[in-house]
Amino acid sequence: MIISVVSGKGGAGKTTLAASIAQVFEAEFYDLDVDAPNAEYFLKPDFSSKVQITQPVPVFSEELCDGCGICTKECRFHALYRILKTVYLSEPLCHGCGLCKMVCPQQAISYQNSSVGDIRSGYSQRTKNMVHVGDLMIGSTRGTYLISEMVKKIDPVKLSVIDGPPGNSCAAVAAIKPADLVILVVEPTPFGFHDMQQTEQIVQQMGKRYLIVANKAMSDASVKEYFANKPKQAALTISLDDRYHKANLQGEILSQQFAEIHRGLHQIISPELIKS
Amino acid sequence: MTRQISILSGKGGAGKTSVTASIIKMMDSVVAVDADVNASNLPILLPYTQQSTTAYFGMDIAQVDHDQCTGCGACLTACQFDAISQNEEGRILIDSDCEGCAACAFVCPENAINMVKRKGGDWYVSSMDNGYLIHADLIPGEDNSGKLITKIRSEASAIAKEKDIAYIVIDGPPGTSCQAISSITGVDLVLAVVEESLSGLSDYRRLAELIQKFSIPHFVLLNKAGFSPEVENKIILSADEFGGKVIGRIPFDHNIPQALQSLKSLADMDKYKDTIAELLKQIT
């Protein structure tokens with residue numbers, strides 16, 4: 001069973017909640033916010049392995065390439081360019097699709113694996129389980145690819161928690177796709193609500209089971225107001241509390257420090273675990 | 001010459017949009033760009049009148065002409081993204097994982113695959129009392145390509161030039177991937193809004209590394225500060241390390257999210273008006 005924690009807006013509390021859920025249920029953890037991974041500050045895993053994730057990229061044979069430039073015209077990602085008679089690759093733009101190799105009349109192109117980032121793994125005493133963190137190479141366009149490669153490693157039989165990326169783009173979709181249950185974290189603010197509704201639309205379109213958690217709520221009344229016209233209500237509301245903020249700053253897992261959060265998450269998620 | 005200022009953070013929720021809107025509200029004349037195209041929030045805080053809507057098309061994607069297709073399956077092997085499948089009746093199906101590389105179209109012996117346009121969203125030009133706002137709505141789940149950001153930024157430059165507006169202020173996306181790069185290239189200054197937290201620090205360091213690669217000067221605004229002098233100090237030291245300069249500090253204050261509930265920015269709060277005015281002076 002896979003639980004994905006997403007939000008739309010950044011800073012809503014995805015990582016905070018994902019870490020807490022993993023702690024409550026002692027679940028395996030996947031940090032898929034690959035271009036700003038932060039879960040390790042809370043889970044404090046003892047990293048024991050680092051696996052490089054690669055994708056194939058073209059390499060040009062100097063002997064065979066006559067600089068015709070067909071590949072540079074055919075590449076739809078504008079990853080290839082030619083100066084005089086030499087073709088160059090702008091690697092961060094390459095999707096590894098193989099088209100350049102197919103179109104090359106000289107058979108001058110071969111493919112070689114190149115790094116897009118790493119997966120670091122280690123055991124966390126706090127969640128009593130493994131933690132896997134995706135580190136995308138800074139500036140890379142291949143975030144979604146790295147996410148998909150990490151998702152392939154998840155054992156669906158075990159209970160796993162995914163900390164997803166912010167936003168509502170294909171990277172978020174890739175983190176929602178494997179989920180049996182989605183936890184939508186919403187900050188009840190005009191920004192937070194706006195972005196969460198877009199994420200909710202994606203989750204609904206994908207036919208996923210989901211729960212909404214309102215985080216950093218100024219008051220119960222304000223949350224009620226936001227959800228007034230919504231068929232789906234927040235299953236749990238966590239208030240904007242300086243104690244939580246402080247614990248967060250110190251790298252603490254909220255569910256470990258505050259019984260009400262432990263209990264709240266347990267109450268809303270346990271029935272879902274039984275269902276699947 | 002128009003000066004371009006990009007406001008970024010690395011971490012989401014650090015306060016980019018609140019700060020950007022506050023700065024924009026205090027400027028005499030500005031072209032504002034919301035480059036966080038898949039969670040666009042800047043327009044929520046700025047009063048504007050929409051003037052035009054333009055459809056945005058992302059990558060062309062593959063489409064099968066079933067009259068031509070013989071179901072040979074050559075495309076299945078060519079696709080590196082597992083985006084093509086064949087159902088029990090032999091019909092070739094292309095799913096939403098298609099990245100638009102056109103390898104399938106190239107290998108198809110029947111020329112039965114065409115690359116077709118797909119709408120990715122809309123972008124808008126609006127007028128404000130003190131200038132223009134350009135923002136976009138990406139269709140949820142679309143590839144958040146830098147292409148759209150590049151498009152709206154070039155539109156902003158054109159407007160600034162035509163109307164003789166001295167500043168373009170860009171509200172950037174979170175993260176340090178290609179979208180962040182699209183919001184950094186060619187700007188004159190980056191203002192990094194850094195949340196006083198371990199995550200804020202870590203994401204700022206990734207961002208600063210990226211900014212440094214482009215040799216763009218950057219300033220740092222500390223946000224939600226006051227709980228951890230230790231983290232704050234680490235942020236200041238990190239700024240030094242990456243050639244940034246801390247030019248302002250906004251405390252963690254419940255009044256700020258409270259004001260945001262009624263769509264008020266820092267520029268509308270007596271307590272922070274001067275802070276924003278000072279910030280504006282430093283970056284312009």
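**The sheet of chain B**

In chain B, nine strands make up an open sheet, and their order across it is β3-β8-β9-β2-β10-β1-β11-β12-β13, with mixed pairing. The edges are taken by β3 (49-57) and β13 (244-251) of chain B; each has a single partner strand, so one side of each has no neighbour in the sheet. From one strand to the next, the twist averages 20°. The model described here is predicted.

**Details within the sheet**

- Strand β12 of chain B covers residues 218-225 and runs parallel to β13(B), to which six bridges join it.
- Opposite B:Ala225 stands B:Pro251, a residue of β13(B).
- Helix α5 of chain B, residues 146-163, packs on the sheet.
- The strands of chain B that this helix touches are β2 (30-34), β3, β8 (119-128), β9 (131-138) and β10 (167-171).
- The direction of helix α5 of chain B makes about 165° with that of β9(B).

**Contact between chain A and chain B**

- On the side of chain A, 46 residues are in contact with 49 residues of chain B.
- Four helices of chain A, namely α4 (99-103), α6 (170-176), α7 (190-205) and α9 (242-249), each supply at least two residues of the side that touches chain B.
- The largest share of that side, seven residues, is supplied by α7(A).
- By residue type, the side of chain A that touches chain B consists of 18 nonpolar, 23 polar and five charged residues.

**Domains of chain A**

- The domain assignment divides chain A into domain 1, which comprises 2-44 + 125-275, and domain 2, which comprises 55-115.
- The centres of domain 1 of chain A and domain 2 of chain A, taken over C-alpha atoms, are separated by 39 Å.
- Where the two domains meet, six residues of domain 1 of chain A are in contact with four residues of domain 2 of chain A.
- On the domain 1 side of this contact in chain A, two residues are nonpolar, three are polar and one is charged.

**Confidence in the prediction**

- The average pLDDT of chain B is 94, and 100% of its residues score at least 70.
- For the model, the scores are ipTM 0.87 and pTM 0.91.

How values were computed
Residues numbered from 1 in each chain as written. Chains lettered and ligands numbered in written order. Predicted model: local features only at pLDDT ≥ 70, side-chain atom pairs only at ≥ 80, totals over all residues. Contact = placed C-beta atoms within 7 Å. Nonpolar A, V, L, I, M, F, W, Y, C, P; charged D, E, K, R; others polar. Domains from an automatic or database assignment. Pairing = 2+ DSSP bridges. Axes fitted to C-alpha atoms, helices over the stretch in contact; angles between N-to-C directions. pLDDT = per-residue confidence, 0-100.
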